[in-house]
Every structure is written in structure tokens, then in C-alpha cells.
Amino acid sequence: MAKKKDARVAVILECTSCIQNGVKKVSTGISRYITQKNRHNTPNRLELRKFCPYCYKHMIHGEIKK
């Protein structure tokens, strides 16, 4: 049975400043959020301002590949 191509997909948002500061991906020092987006309305990568508990402020979180 074939899967449906749903309009809504789950995406992972990752803090961009934690990555720039050289924190390794295997450590727990990168803030990540899981959310959903509509593939038809937003075909580009999603970027939202979310709170990063490691930076202690609101930072831009960008969509990453699964």
C-alpha cells in the first residue's frame, strides 16, 4: 500500500547560534524543537524565533534534514 503525500509534514528546528559556536552535535548543548509545517504553503526551509535554553535567549531556529 502506498503512503499518502500529506501536505503537513513534521520538521525539526535547531538553534543556529549553538551550531556556530562550535558545540558538537553529539552533546546535549543544541536546542531542538519539533513542529509541523504545510508543504504547499511553505516550500522553503522554515525559520522561527524560539527560546534556546543553552543561549538563555530567543534565537533563530532553522529547519534541518531528518
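Buried here means under 20% relative accessible area, exposed means over 50%, and partly exposed covers what lies in between (1.4 Å probe, protein chains only). The model is a predicted one, so local features need pLDDT of at least 70 and side-chain atom pairs count only at pLDDT 80 or more, while totals for chains, interfaces and linings use all residues. Residues are numbered from 1 along each chain as its sequence is written, and side-chain values use heavy atoms, with hydrogens and water left out.

On to the overall layout. Accessible surface comes to about 5400 Å², with 53% of it belonging to carbon and sulfur atoms (Shrake-Rupley method, 1.4 Å probe; for residues, only the protein chains shown count as cover). Of the contacts (heavy atoms within 4.5 Å) with a separation of 6 or more, 47% are between residues 24 or more positions apart.

The four strands form an open sheet in the order E2-E1-E4-E3, with antiparallel pairing; two strands pair if DSSP finds at least two bridges between them. Strands E2 (32-38) and E3 (47-52) sit at the edges with a single partner strand each, so one side of each has no neighbour in the sheet. From one strand to the next the twist averages 45°, with axes being lines fitted to C-alpha atoms and angles running from 0 to 180 degrees between N-to-C directions. E3 pairs with E4 (residues 57-64) over six antiparallel bridges, and Cys 52 has Lys 57 of E4 as its bridge partner.

Then there are the cysteines. A disulfide would be a pair of cysteine sulfur atoms within 2.5 Å, and the whole structure has zero of them. Cys 18 is in none; its nearest cysteine sulfur, in Cys 52, is 3.6 Å away. Cys 55 also has its closest cysteine sulfur in Cys 52, and because that sulfur is 3.6 Å off, it is too far for a bond.

What makes up the largest nonpolar core? Its five residues are Cys 15, Cys 18, Ile 30, Cys 52 and Met 59, where a nonpolar core is a set of buried Ala, Val, Leu, Ile, Met, Phe, Trp, Tyr and Cys residues joined through side-chain atoms within 4.5 Å. Cys 18 has a relative accessible area of 4%. Leaving aside neighbours within four places in sequence, Cys 15 is in contact with Ser 31, Cys 52, Cys 55, Met 59, Ile 60 and His 61.

How values were computed:
Helix = DSSP H or I, 4+ residues; strand = E, 2+ residues; numbered from the N terminus.
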